[in-house]
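Here are a few friendly notes to read alongside the model. Please keep the structure open as you go through them.

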Amino acid sequence: MGMLKEFKEFAMRGNVMDLAIGIIIGAAFSGLVNSVVNDLIMPLVGKAIGDVDFSNLYVPLSADIPDGLALEEARKLGAVFAWGNFITILINFLILAFIIFMIVKGMNRLMRKKAAAPAVPPAPTKEEVLLTEIRDALRNPTLRA
């Protein structure tokens, strides 16, 4: 029973929960980046190059694979060097790395601003205000009797 309690304490610790949330958000973000690359960027790049579908660019490594076959069909027949798929994944990585860089850069900027901001001194207590008024009254000769 003690081991179960210890595991529960470990799993409910803040760092573990933060990590779990980060992984879930990262997976969702990865799907978003994959969609941006596969559905938006690669078709534009392919169109600019000349109606090329990067997902089907490969070099057959087997004599059993006829020319013009889709990549998935070619893989069923033998080994292929799928360089178009690699380029797509490389672009995914570069976009994701750039976005993470921008997030870290923004966080660093916020941390520097927070560290550079001067600390506002706390407001004086009621006692300090009263003592200051008494001191000022004692210094002012017109208020003395």
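1. Glu-72 is partly exposed, with a relative accessible area of 49%; here buried means under 20% relative accessible area, exposed over 50%, and partly exposed in between (1.4 Å probe, protein chains only). Before going further, please note that this is a predicted model, in which local features need pLDDT of at least 70 and side-chain atom pairs count only at pLDDT 80 or more, while totals for chains, interfaces and linings use all residues. Residues are numbered from 1 along each chain as its sequence is written, and side-chain values use heavy atoms, leaving out hydrogens and water.

2. Which residue does Glu-72 meet in a salt bridge? The partner is Arg-75, at 3.5 Å from N to O; a salt bridge here is a side-chain nitrogen of Lys or Arg within 4 Å of a carboxyl oxygen of Asp or Glu. Because Arg-75 and Glu-72 are three residues apart in helix H3 (residues 71–77), about one helical turn separates them. Helices are DSSP runs (H or I, at least four residues), numbered from the N terminus. Arg-75 is partly exposed too, at 38%.

3. Helix H3 also holds Lys-76 and Glu-73, three residues apart, about one turn of the helix. Their side chains form a salt bridge at 3.5 Å, N to O. Lys-76 is exposed, with a relative accessible area of 64%, whereas Glu-73 is partly exposed at 38%.

4. How many salt bridges does a search of the whole structure find? The search finds three, and one of them joins the side chains of Arg-135 and Asp-136 at 3.1 Å, N to O. Arg-135 is partly exposed at 39%, and Asp-136 is partly exposed at 37%.

5. Now to helix H4 (residues 83–116), where Arg-109 lies. Arg-109 belongs to a positive surface patch with Lys-105, Arg-112 and Lys-113. Patches are made of residues with over 30% relative accessible area and no salt bridge, with like charges joined within 9 Å and nonpolar side chains (Val, Leu, Ile, Met, Phe, Trp, Tyr) within 5 Å. Arg-109 passes that accessibility cut-off because its relative accessible area is 42%.

6. Trp-83 is in helix H4 as well, and is partly exposed at 34%. Together with Val-59, Leu-61 and Phe-81, Trp-83 forms a nonpolar surface patch of about 400 Å² of accessible area.

7. Leaving aside residues up to four places away in sequence, Thr-88 touches Val-37, Asn-38, Met-42 and Phe-54, where contact means heavy atoms within 4.5 Å.

Key:
Areas by Shrake-Rupley, 256 points an atom, 1.4 Å probe, with all protein chains shown as cover. Lys, Arg positive; Asp, Glu negative; His and termini not counted. Charge placed at Lys NZ, Arg CZ, Asp CG, Glu CD. Helix = DSSP H or I, 4+ residues; strand = E, 2+ residues; numbered from the N terminus.
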